[in-house]
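Here is a short tour in questions and answers. Look at the sequence and the fold, then read on.

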Amino acid sequence: MDATTPMLRQYKDIKRQYPGMLLFFRLGDFYELFYEDAEVASRELELVLTGRDAGRGERAPMCGIPHHASTQYISRLISKGYRIAVCEQVEDPRTAKGLVNREVVRVITPGTVTDGEMLDERRNNYIASVSLIRGGGRRTVAGVAFADVSTGEFFTTQVEPDAGAAGAAVASAALPELLRVTPSEVLVPMALQNDPAIRTFRQQCPASIVTVYEERAFAPDEAASTMMRQFGVASVSGFGLDGMPAAVSAAGALLRYVRETQKSTVAQLSSVRVYRAGDYVSIDPSTRRNLELVRRDQDGSRRATLLWVLDRTVTAMGARTITAWIERPLRNVAAVEERLNAVGFLVDSPQIRMRLRESLRQVYDMERIAGRVSTGSANARDLVALAQSLETLGEIRSFLLRSLGEAGPPALIRQIVEAIAPLEDVSGLIARAIIEDPPMTLRDGGLIRDGYDATVDSLRSSSRDGKSWISRLEQSEREATGIKSLKVGFNKVFGYYIEVTRPNLHLVPPHYIRRQTLTDAERFVTPELKDRESQVLGAQQNLSELEYGIFCDVRDRVAARCAEIQKRARAVAEADCLASLAEVAAECGYSRPAVLDEAVISIKDGRHPVLEKVLGPERFVPNDIGLDAAGQRVLLITGPNMAGKSTILATTGLIALMAHIGSYVPAAAATIGLLDAVFYRTGSYEDLSGGRSTFMVELSEVAGILNSATARSLVLVDELGRGTSTYDGMALAQAALEYLHDEVGCLTLFTTHYHELAQVERRLAAVRNFHVTAVEKNGELTFLYRLTPGSVDRSYGVNVARMAGLPREVIRRAQVILRSLEEQSPSRPRQISLLETAAAAGGGERSAGGAGGEDPAGPDSAERLTPAEAEVLAAIRGADVNNMTPMESLARLSEMQKTLKESG
Ligand code: ADP
Ligand code: MG
């Protein structure tokens, strides 16, 4: 069974140590994959599957990838979620005795990629880690850490589950963080592998992988000591991690995994930032999806998202950071004001903004370069780009210092100016040592500048001397021998030679030594040529080695300054984001929101930032929104389909979040009170892949809102109850509305297609009815998109049905059924639906349509209620909805559904 060739034995030994990974086994100029790995690679990469003699007449399937093109193949496999162990020859095959020693030098996984070519420069690539810690006597808590190995950003937090939650529910508390971060890889201890929260994560982020990692790494003591070693500190208290064992556990395990895969100290992870859920406005996963903050649900693209509107950054660092800003709006008035001050300053100083953005364009991705410098994978071009960027920062700084003047710039701008202080020893070192336009390769010389190193200089001049002697040789030998066609050439096998064509051979002098015979020429060398040749080649060989050594030394010296470079990179990112927000504000006519610590939202002429941009200028109809804790806290919005109800909700949610991000907002004026959370649920989303019905999704989303919202939350509920029958839906909508009003006391926008709901305004003190309408002119329907006080009692179905092109018979028939339903149940909830629309379309022709007894399936069709249906109707009529908790009403609903299902 065991392969018998020594090489395959070596292969299997190594392979055993890297289970679950594709082993790239270096053989000369190729990486070879064997056995199942070969089959996977040949299938995924469409490469030929070959075989290799495995002894005893067996053949091992094999698939080869050329070393020089490996990046491209590795990146394809990584993006498909594979993990790869790269095994190199660690001794020179020419000098090795017997089998060449091989070792895995790096493990590449989706979450630990650092190669620039494999990454999207405008997006972070996160690896996350989740852990559960059962404290002695204390509650179980979950920890979530995440890091971008390519940039060195590293965060950790601890999530407190709701009181009484245990086991699975605790891990679920971590899920929103995971879904927000959308890491490409998540580390979990074995115990969590099949946890429902992790299963949900897999479903919602199918492109990410889940890696089960050693339990031991998650033990808080072990994790803490990994961190202390990494950061060179004696305790983790300095990071604010006291009393946060789960945060320590997740972070320590992550760090250990990253060090193991990189086989390096990953010095770019030079610190960890601890944050708490309370630092940011909480936005649950479905709200994120519905508001389309940074990606669209359908295709994951950034087009037509808030990010798409706000991102005018000109550096990769800025692009990544503005994404993070949008995903984590601040929950702190002072911090928001600081950003707004800086944005305001840049809005008001277009010259400075323009010049700043112009200069930032010249700055390379210093953050990722710093990461590659730390892991020893940066090349000479990276260093040159880094030095140039540092110099550009110097220019930006002095220009800012000049133009800021006495007025005293906002704090953030001042901090940025301070942070980008020159790092002249680093940029100077690189500028002195590395030539301006170095090659991509590091082993072939041509990296180090003249004058930096005396040995390099002397080897170069010796090589130059030899070369110029050789280049003069052709001319001098032609003259000496009289052979006009004599040539001096070079090839890899024979080195330098003198070539003489056949007719001239009789003129060859005796000291020429014959080396090679061609069909019509002979090649010779002379002892002196050989001397010069070894002078040149020896110098070159020594030079390449020496230059590589010097380069590594320079790189190491730069690596020692990694944290300072990162600090500058982050200041650049921040400057870029602020300038981007200012640019959008100026261009799109946004205004500065007033942000205060009260429960209030007041928007004058608010526009939807994305829709406005899509529709083009002037096409969007602005609206005023007023919500406050003391007065009108809940707006109940009615109106026909397509009237603009959902848009009003999204506009309010986006404007509120933009203010918390520190952005100006698309409104004539806005006052936004600090929010702890924004919830937006809409009926449009169907969790089909999750295997839940729409109604189930609705209920669980509503449950989430009712349980989590507080008086400081903004709750946007769009058309609750669409996923079920009219009665169910209306009961649910009303119960939820009442609960939000009475118990939660949050700022609420609630849209509905049930006219009847409007009557709650009379009973609920803080509810105000609003509607959006359309006008009919010459049979043409025009939507006004204007939010107006009062409820709507008319639908515009005639036109909608006509527009929809419904056959006349269907419209008539629907109208007949509707009428009979109305007779059966006079208090039937009225719905602005297509059905009513269709019925109304037949309006003038009711009698002609033969309603009434003429229609065989007419009035009595409604009397054909099954006993179960009648029972359900009675139950609804009898229900004391005002005295029911939402949970009771949900339970009641599900009973009714069961009754109906069982009977049918
Ligand atoms: P509803 O939720 O009432 O069915 P939507 O909010 O989805 O309506 O709006 C339907 C469409 O109407 C939008 O896609 C948009 O094209 C247009 N629309 C909505 N609000 C406005 C507005 N304020 N100004 C201009 N067009 C709008
Ligand atoms: Mg809608």
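Buried means under 20% relative accessible area, exposed means over 50%, and partly exposed lies in between (1.4 Å probe, protein chains only). This is a predicted model: local features need pLDDT of at least 70, side-chain atom pairs count only at pLDDT 80 or more, and totals for chains, interfaces and linings use all residues. Residues are numbered from 1 along each chain as its sequence is written, chains are lettered from A and ligands numbered from 1 in the order in which they are written, and side-chain values use heavy atoms, with hydrogens and water left out.

Q: Is Asp605 buried, partly exposed or exposed?
A: Asp605 sits in strand S19, residues 600-606. Strands are DSSP runs of E, at least two residues long, and helices are runs of H or I, at least four, numbered from the N terminus. The phi of Asp605 is near 50°, a positive value in a residue other than glycine. With a relative accessible area of 25%, Asp605 is partly exposed.

Q: How many helices and strands are in the chain?
A: The chain has 904 residues, and 54% of them count as buried. Its secondary structure comes to 29 helices and 27 strands.

Q: What share of the contacts with a separation of 6 or more is between residues 24 or more positions apart?
A: A contact means heavy atoms within 4.5 Å. For residues 24 or more positions apart, the share is 69%.

Q: Which residues does Glu121 touch, not counting those up to four places away in sequence?
A: Glu121 lies in the loop between strand S6 (102-108) and strand S7 (127-134). It is partly exposed, at 47% relative accessible area. Arg368 is 247 residues away along the chain, yet the C-alpha atoms of Glu121 and Arg368 are separated by 8.9 Å. The residues touched are Ala316, Arg320, Asp365 and Arg368.

Q: Is Ala304 buried or exposed?
A: Ala304 is in the loop between helix H9 (285-291) and helix H10 (306-310). Its phi is near 60°, a positive value in a residue other than glycine. The relative accessible area of Ala304 is 16%, so the residue is buried.

Q: How are H14 and H15 set to each other?
A: Axes are lines fitted to C-alpha atoms, for helices over the stretch in contact, and angles run from 0 to 180 degrees between N-to-C directions. H14 (residues 366-375) and H15 (residues 380-404) pack at about 140°, with axes 10 Å apart. Angles under 35 degrees count as roughly parallel, over 145 as roughly antiparallel, 65 to 115 as roughly perpendicular and the rest as oblique. H14 and H15 are therefore oblique.

Q: Which residues of H16 make the contact with H20?
A: H16 (residues 411-419) and H20 (residues 562-588) pack at an angle of about 145°, with their axes 9 Å apart. On the H20 side, the contact includes Lys567, Arg568 and Ala571. On the H16 side, it is made by Leu412, Ile416 and Ala419.

Q: How many disulfides does a search of the whole structure find?
A: A disulfide is a covalent bond between the sulfur atoms of two cysteines. Here it is a pair of cysteine sulfur atoms within 2.5 Å. Cys552 is buried at 17% relative accessible area, and Cys577 is buried at 0%. The number of disulfides found is zero.
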